[in-house]
Amino acid sequence: MTLAISDLKVTLGGREILRGVDLELRAGQVHGLAGESGSGKTMTGLAVLGLLPHGARVSGRITLGERDLLAMTPRQLNAVRGGEVAMVFQDPATSLHPMLTIGRQLTEHMRHHMRLDRRQARARAADLLRQVRIPGAEEALGRYPHQFSGGMRQRIAIAVALACSPKVLIADEPTTALDVTVQAGILRLLRGLCDDLDLAVLLVTHDLGVMSAVADEVSVMRDGVVVETGPRAQVLRDPAHPYTRALLDSLPGETS
Amino acid sequence: MSIKRPPAPGDDPKAARREPGRRGARSPLARFLVRRVLTALLLAVGITLVTFVLTNLVPGDPVAANLGQRALGDPAIVAQWRTEHGLDKPLPEQYLLHLRGVVQGDLGTSQQSHRPVLDDLADSVPATLELAGAAILISIVVGVAFGVVAALRRDRFSDHLLRVLSLFGISVPTFWLALTAFYVLFYRLRIAPGSGRIDPGLTPPPHVTGLYTLDAALAGQWDVFSSAVGHLVTPALVLALYTIGLLTRFTRSAVLEVLGQDHVRAGRAKGLPPRVILFRYVLRPALVPVITVAGLAFGSLLSGTVLVEAIFAWPGVGQYAYKSATTLDLPAVMGVGLVVGGVYLVINLIVDVLYGVIDPRVRLS
């Protein structure tokens, strides 16, 4: 299934944060969204799930298959969130509920969206943990987030996002808060899941190195608009827009 | 993966040898509880020492307070009285005697009522517990509900209204409120019953817990029950108003803080129903600071009972403490100190245990 964002505009407190964003995510592809802080990358991701800050005004279209997410009632949107469209956040130390067991966090939305009973949900949760390579999956279900390392927590957060078999996964800077040594593992995991599960992934990052490692398509954002989109090789090797060129030139030790 | 669980002091060696993460006979929560109870026992001994020392430091001669003018002039009578009450022995010995008595359930004899202090306390403590318990229950339920509403309706009319109400509750002196409530509700409007715990025409329910409402319900005496509840409502509300205000403010800020946290947004991204987000994702973490404040508030509530009991003629510990202190009835004063200290200990223990229940990081670290 494709997720298409067209002419997405977001105004917050009288300021235009997104000024007409166009993006298209396809199944089985990782779409990288790059740009400096404040360019609107994260806001684009949040807008898809209707999680924009209080008081934000949105216009444009975000279509999932045939349906416009922006035209949905809160109830309909809630059924899509965590179900067909899931999200992984930047810092797993804060995005997991500190007081709930891993098992609870993996199963609560499964039971709600997929109407599974406790035992089915638990079995599936253990499978998911194995899928994201958490050792001792059964035992891990009874533990709490603070008992895991940062990289493990992000794997768990990814398992939580995958629980209801989403078609679209939005990953907002999923490696930024992690040690460099574990970043590659998380990226490989995301890439593998995208291929195996035929997910459409939006990978939001300011790190062009991350981008070049896993993305199929790359979009570059600046001041609330996408300035350049294209296949990774083309955008990263032969950028058409001067801003993309400037971004690439700012990388230490690399020449475009 | 790191499992942060160093063996805690007080762990038995078997538990320490057990593989971490395996569920054994003693769960982390049970061990956490044992630790907390042991600390509480140590503190209890400390309380006996402090009440004893403080009571003996009080300027004033219990002999003068208890014997008449003529008896005071007779050294033989004074010496006999001092021997009778163990006042002729050195202080450390007096303390050890006192401690032995406490352990055996003997708190001495009140010099005023000439009854064992324990019996006096058994009469007055349940009355105060009923009043303070009702007040803290009302405060928690109302204060937390108000705080949540204020946070969710931030900067709207209901938030402003609740802000004014809670400021009123915090700033109005309890004795003024008690007098005004008594005057207006009983004397003028006649919608509240008068002083005391039940109507004078009724006999108290058979003693089980000493809480009239509970005892009357247990005995099925519904006329006594409704009278007891009626008498309880006004003083409990008067006492609760301050803590309601306090808890409303604290709950509001705690909820607002949690609302801005990442895990709440992540919970929304999971498409969980709003009810689940509110209770499981927002309220549960927000309750940790609220419980701390509620525990502290219970302390101020206990001191408030002295005034409220006096105004509503409620035969509780507050009245007993006041009478004992003004007559330098030292065994009674020590007894009250011990009870109040014990109540604080229990409240602290409850707060600690609730921390552990709500937040796994407390009981697992």
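View 1. Helices (H or I, at least four residues) and strands (E, at least two) are DSSP runs, numbered from the N terminus. A kink of about 45° lies at B:Leu283, shortly before the proline B:Pro285. The bend at a residue is the angle between axes fitted to the seven residues ending there and the seven starting there.

Residues are numbered from 1 along each chain as its sequence is written, and chains are lettered from A and ligands numbered from 1 in the order in which they are written. Because the model is predicted, local features need pLDDT of at least 70 and side-chain atom pairs count only at pLDDT 80 or more, whereas totals for chains, interfaces and linings use all residues; side-chain values use heavy atoms, with hydrogens and water left out.

View 2. An unreviewed UniProt entry places "domain: ABC transmembrane type-1" at residues 125–355 of chain B. UniProt positions are given in the numbering used here, feature names are shortened, and annotations may be inferred rather than shown by experiment. This span is 81% helix and 0% strand, with its end C-alpha atoms 27 Å apart. The unreviewed entry also lists residues under "transmembrane region", including 228–247 and 332–358 of chain B. Residues 228–247 are 100% helix, and their end C-alpha atoms lie 27 Å apart. Residues 332–358 are likewise 100% helix, with end C-alpha atoms 39 Å apart.

**View 3. The boundary between the two domains of chain B.** Chain B is divided into domain 1 (28–62 + 328–365) and domain 2 (125–326), with bounds that come from an automatic or database domain assignment. The C-alpha centres of these domains lie 23 Å apart. Contact (heavy atoms within 4.5 Å) involves 15 residues of domain 1 and 17 residues of domain 2. The area buried between them is about 1,300 Å², of which carbon and sulfur atoms give 77%. B:Val336, B:Tyr355 and B:Ile358 supply 37% of the area that domain 1 buries against domain 2, more than any other three residues. Buried area is the accessible area (1.4 Å probe) that two parts lose on being put together, summed over both.

**View 4. The interface of chain B and chain A.** The contact takes 27 residues from chain B and 32 residues from chain A. The two chains bury about 2,800 Å² between them, 58% of it on carbon and sulfur atoms. Across this interface there are 2 salt bridges, a salt bridge being a side-chain nitrogen of Lys or Arg within 4 Å of a carboxyl oxygen of Asp or Glu. A:Glu108 forms a salt bridge with B:Lys270, the closest N and O atoms being 2.9 Å apart.

**View 5. A salt bridge within chain A.** The side chains of A:Lys41 and A:Glu173 meet in a salt bridge at 3.8 Å, N to O. A:Lys41 lies in helix α1 (residues 41–48) and A:Glu173 in the loop between β7 (168–172) and α8 (180–197), so the pair ties together parts that are 132 residues apart in sequence.
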